[in-house]
Structure formats: structure tokens, C-alpha cells
Amino acid sequence: MIRSIPFLVFSLLFLSTCSNQKTEVKEEVKKHENKASIDSLLVKRLQDHVKVLCSTSKPRNHENIEILDSVALYIHNQFSEYCDTVYYQTFEINGKTYRNVIGVIDPSKADRKNQELIVVGAHYDICGTTPGADDNASGIAGLIESGRLFAQRKRVNRIELVAFTLEEPPYFRTDNMGSYHYASKLKKEKANLSYMVC
């Protein structure tokens, strides 16, 4: 009987270790399944944004203001789900009003002058009559979902998500581009710009 006690203790320890390993494996599998589920949700969201942007009734170019405005509203509504502030930066070209959409993720709500700023941008207008899925729509989809991910994490920097308009011809490389108007605004405000990703 005494000889069987060490064997019994060893067996219990072995079973306990196996049980713990099974639990750890199950938890690891569950984490992987959760991550896969989150990843597939992200992919679906990105695809949905691209579909919306590429299925407008007319091309989303500088000539179709009502289409650009409807896309700007769509982006505004998406930003509104997680940004602290969302607004339009409007500017006029040849008697027509165009708009950049700006979403702000501001964790500290601190004095903006001294706060480092990170800008993430993409443009939503297209060149000519193309669907603009690659570059324009995919860029905006990435911008929207990147912002959603930024908003879920702790940070100290102020982040501005900017959806630009008029980045394509005939306004490309002119001071009528949406990005030019936005950069001018930052310069005027003497923003403490850390970096910008577009």
C-alpha cells in the first residue's frame, strides 16, 4: 500500500498536467477562432465599403457633386460610429462646393496646439468614369476601418482621419486638391503634426 502512494501521487500529477494542457490548448484554439472571426468581420466590412463606393448611380468625379456629397455623407456616418468629432471641411471651386470629411479621435481632449497630431488620409473621388475600386474605394475602406481600430486602443496622440476630394484630374497637382486645402488648414492652425499616412 505504501509503495502505491507515490505512484498514485505521480498519476494524479500527470493527469492534472494533462488536464491543464488540454485547457490551455482549448483556450488557444478559442483565441484563434475569435481572431479568425474578427478578421473575417473586418474583411466583410472592407468589402461592404468598397461595394457601396463603387455602386453609385453616376461616377463619383468632380462633375457629379450630388454623388460626391452622398459619398461624403456615407463616410461621415461611418466616422460618427467611433470618432469623438466629425465634420466637413468645405471649399469652393468654380462656384461649386466640395468637402473633405474629417473624423477626430482625441483621447485627451487636451489643448490642440500642444498636442501631437497624426493624420491618416485617403481620397474618395475618382478619375474619369472608372469605378475607382483600387486606390480610391479601397483606400477609403481602409481609412474607415483603421479608424475603428485606432478608437479601440489607448493612445495619447490626437488622430485625424481625412477623406479627401478632388485628388484626381483635372485638379491633381493643383491648389484645388482637397489635400491642399486640408494642409493649408493645418498650417494656419500651426498644428503640431507628428506624421501623416495616406
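In this predicted model, helices α2 (residues 65-80) and α3 (residues 133-151) pack with their axes 9 Å apart and at an angle of about 15°. Since angles under 35 degrees count as roughly parallel, α2 and α3 are therefore roughly parallel to each other. The crossing of α2 past α3 is right-handed. On the α2 side, the contact is made by Tyr74, Ile75, Gln78 and Phe79, which meet Ile140, Leu143, Ile144 and Arg148 of α3. Sorted by type, the residues of this contact come out as 6 nonpolar, 1 polar and 1 charged.

Next comes the sheet. Its 5 strands follow the order β1-β2-β4-β3-β5, and the sheet is open, with mixed pairing. β1 and β5 (192-197) sit at the edges, each pairing on one side only. Ignoring direction, neighbouring strands here are turned by 25° against each other on average. As a reminder, strands of a sheet pair through backbone hydrogen bonds, and they can do so in parallel or antiparallel fashion.

Going into the individual pairs, β1 (residues 85-93) and β2 (residues 96-105) run antiparallel and are joined by 9 bridges.

The loop between β4 and α4 deserves a look at its backbone. Most residues other than glycine have a negative phi, and most peptide bonds are trans. Pro170 lies in this loop, and the peptide bond from Pro169 to Pro170 is cis, with omega near 10°. Arg173 belongs to the loop between β4 and α4 as well; its phi is positive, near 60°, in a residue other than glycine.

Finally, a word on confidence. Across the protein chain, pLDDT averages 87, and 80% of the residues score at least 70. Confidence is highest in α2, at 98, and lowest in helix α1 (residues 4-54), at a mean of 71. Where pLDDT is low, the predicted coordinates should not be read in detail.

Technical notes. Residues are numbered from 1 along each chain as its sequence is written. This is a predicted model: local features need pLDDT of at least 70, side-chain atom pairs count only at pLDDT 80 or more; totals for chains, interfaces and linings use all residues. Side-chain values use heavy atoms; hydrogens and water are left out. Axes are lines fitted to C-alpha atoms, for helices over the stretch in contact, and angles run from 0 to 180 degrees between N-to-C directions. Helices (H or I, at least four residues) and strands (E, at least two) are DSSP runs, numbered from the N terminus. Angles under 35 degrees count as roughly parallel, over 145 as roughly antiparallel, 65 to 115 as roughly perpendicular and the rest as oblique. A crossing is left-handed if the near helix is turned anticlockwise from the far one by less than a right angle, and right-handed if clockwise. Contact means heavy atoms within 4.5 Å. Ala, Val, Leu, Ile, Met, Phe, Trp, Tyr, Cys and Pro count as nonpolar, Asp, Glu, Lys and Arg as charged, and the others, Gly among them, as polar. Two strands pair if DSSP finds at least two bridges between them. pLDDT is the predictor's confidence in each residue, from 0 to 100.
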